[in-house]
Amino acid sequence: MSTFTAINNRLKFAAKSTQELFYFSVRMIAALFFRKTYFSETLEQMYTIGYGSLYLILLTGVFAGEGFALAFAHELGDFGAKNYLGRIMAIAILRELGPVLTGLMFAARVASSITAEIGAMKSSQQLDAMTAFGIDPIAKIAVPRMVALILMLPALTIICDAIALLGGWLIAVYLAHVSSNIYWSAVMERMVFGNLFMGILKPIAFSFVIAFIACYFGFNSRGGTKGVGQATTNSVVACSISILIVNFLITKFVSDYLKGYM
Amino acid sequence: MIQLRSVSFAYGEKQVLQGVSFSVDDGEAVAIMGPSGSGKSTILRLILGLENASDGEVIVDGHDIGKLRESKRRQIRKNIGMVFQEGALFDSLTVGENVGYYLLEHSKLKWEEIDQRACRMLGEVGLNCDEVIDLLPEQLSGGMRRRVAIGRALLSTDPTIMLYDEPTTGLDPRSTHNILGLIEQLHREKNLSTVVVTHQIADAIAIADRYVVIIDGHMVFDGSLDELRDSRDPKVLSFLAPFRASVTGVIESRLSDVVAQNESESPQEES
């Protein structure tokens, strides 16, 4: 097979997969509105996804905030601008670090578990059994996970933001010797509509990205245990890359509309 | 009644079935045999409407199921019980929840009532309800899992058609014997149209009235056990070669059963 043919086949496969992913996403949205709602499954998923990820998000937030504050405290110190640390922390964490880090942690922990779980159900024909019993597996399995993600990812992003700002405060006060009042007043100065809106919009967008991709890879896994493993890896990679791309696009295009509010 | 008319099916570029035609009458038991990977299980998926034929028609209860909308397919599936390979039990649910799954999802019955019905059904498939109802599928043996799957299919849909995909694969001889006995008994007592997919000829002979042989996606035989034994088709012969002794042996034992049964019935008729 020539290199050209190989590239051509690869591109065709990517185009076909994207098309299938789009169609699958439309089916998930349609099932959300037009199929039976599974409340108990949704609550169970909220607990698994939300509470189950809390510890990870707390650790991520505190260490990311401390690391970021430490790096910037040194740089700002060189210019005698340590008092601006709170402003920089607020902007960076609310708009970028908080949503992206939480999104990536969810991609690693939640997307992998969703894909592996659905993939295992597919390979043991449990999804077929559901269909045979008149139950739509997308409504029963995928939609509760999507709803749980839409509710829990923004909530945990807010927690991650708060913990990261707290981590930054520790560094600011005890290592950079910035007064606590100055740090928090600088943070509050940047708690404006534009930054807060961006900080909520992004996790909502990421939750859709993770739900669509993770469920799609699970429902389309093939080849038994090895296939489920491969689908899980692909799912985490695709979710992580997509989160970074969506983050860039939102920052680029939504920022223009919110200029006056930032 | 089930009819397949010139059915072809492909997974992507891989042709799985080509021009397959046969029918299953009401109350008839048909075994679909063939080597692994020959497309047997795909036929069950087509009958159930889980896949769409790329060519031809799959008629179930007078409807071409491949051309129906999902809501209409669900109506037809209510008449079909399916026992998947290795059971396909929901591994996060208990045995009782598995058996009562359909009622839990589709009826407004109270859990106590569903639990009672599940318990009765477990008894019907030869399991001790009190011992197994709260167990998880992973705690069951292979044979018990198949029984639970059969019970789930029966309680779910109150079927007129039962489909079994390799119901004895991976079971020890004793469990195989028991499961085949259960399938045969359900077929006889409930007058179900039964389709069993298997690559074990002994299993097929124990259950079926008629035999369909699929090799490499092509149907190479459709007929009775005697016709199967007498077939001179090279593909059928090559498939049967390893089992020739068992085919002949089972036919002889069946014939002697029939003769013995006739002899025992004759004096009663006379009296």
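Predicted model: local features only at pLDDT ≥ 70, side-chain atom pairs only at ≥ 80, totals over all residues.

Mentor: Let us begin with a definition: two residues are in contact if their C-beta atoms, placed from the backbone, lie within 7 Å. Helices (H or I, at least four residues) and strands (E, at least two) are DSSP runs, numbered from the N terminus. Axes are lines fitted to C-alpha atoms, for helices over the stretch in contact, and angles run from 0 to 180 degrees between N-to-C directions.

Residues are numbered from 1 along each chain as its sequence is written, and chains are lettered from A and ligands numbered from 1 in the order in which they are written.

Trainee: What makes α5(B) oblique to α7(B)?

Mentor: Helix α5 (residues 111–124) and helix α7 (residues 142–157) of chain B pack at an angle of about 130°, with their axes 9 Å apart. Angles under 35 degrees count as roughly parallel, over 145 as roughly antiparallel, 65 to 115 as roughly perpendicular and the rest as oblique. Therefore α5(B) is oblique to α7(B). The contact is made by B:R117, B:A118, B:M121, B:L122 and B:E124 of α5(B) with B:G151, B:L154 and B:L155 of α7(B).

Trainee: Why is α7(A) called roughly antiparallel to α8(A)?

Mentor: The axes of helix α7 (residues 193–219) and helix α8 (residues 224–257) of chain A come within 9 Å and cross at roughly 150°. That angle is why α7(A) counts as roughly antiparallel to α8(A). The residues of this contact divide into 16 nonpolar, five polar and one charged. Here Ala, Val, Leu, Ile, Met, Phe, Trp, Tyr, Cys and Pro count as nonpolar, Asp, Glu, Lys and Arg as charged, and the others, Gly among them, as polar.

Trainee: How do you know that β9(B) and β10(B) pair, and in which sense do they run?

Mentor: Two strands pair if DSSP finds at least two bridges between them. Five bridges join β9(B) to strand β10 (residues 218–223) of chain B, and the two run antiparallel. One bridge has B:I215 with B:H218 as its partner in β10(B). These strands form a hairpin with two residues between them, and B:D216 in the turn has a positive phi of about 50°. Strand β3 (residues 29–33) of chain B pairs with β9 (residues 210–215) in the parallel sense over four bridges; among the facing residues, B:M33 stands opposite B:V213.

Trainee: Which elements give two or more residues to the side of chain B that touches chain A?

Mentor: The contact takes 15 residues from chain B and 10 residues from chain A. On the chain B side, those elements are α2 (70–77) and α4 (101–106). The largest share, four residues, comes from α4(B).
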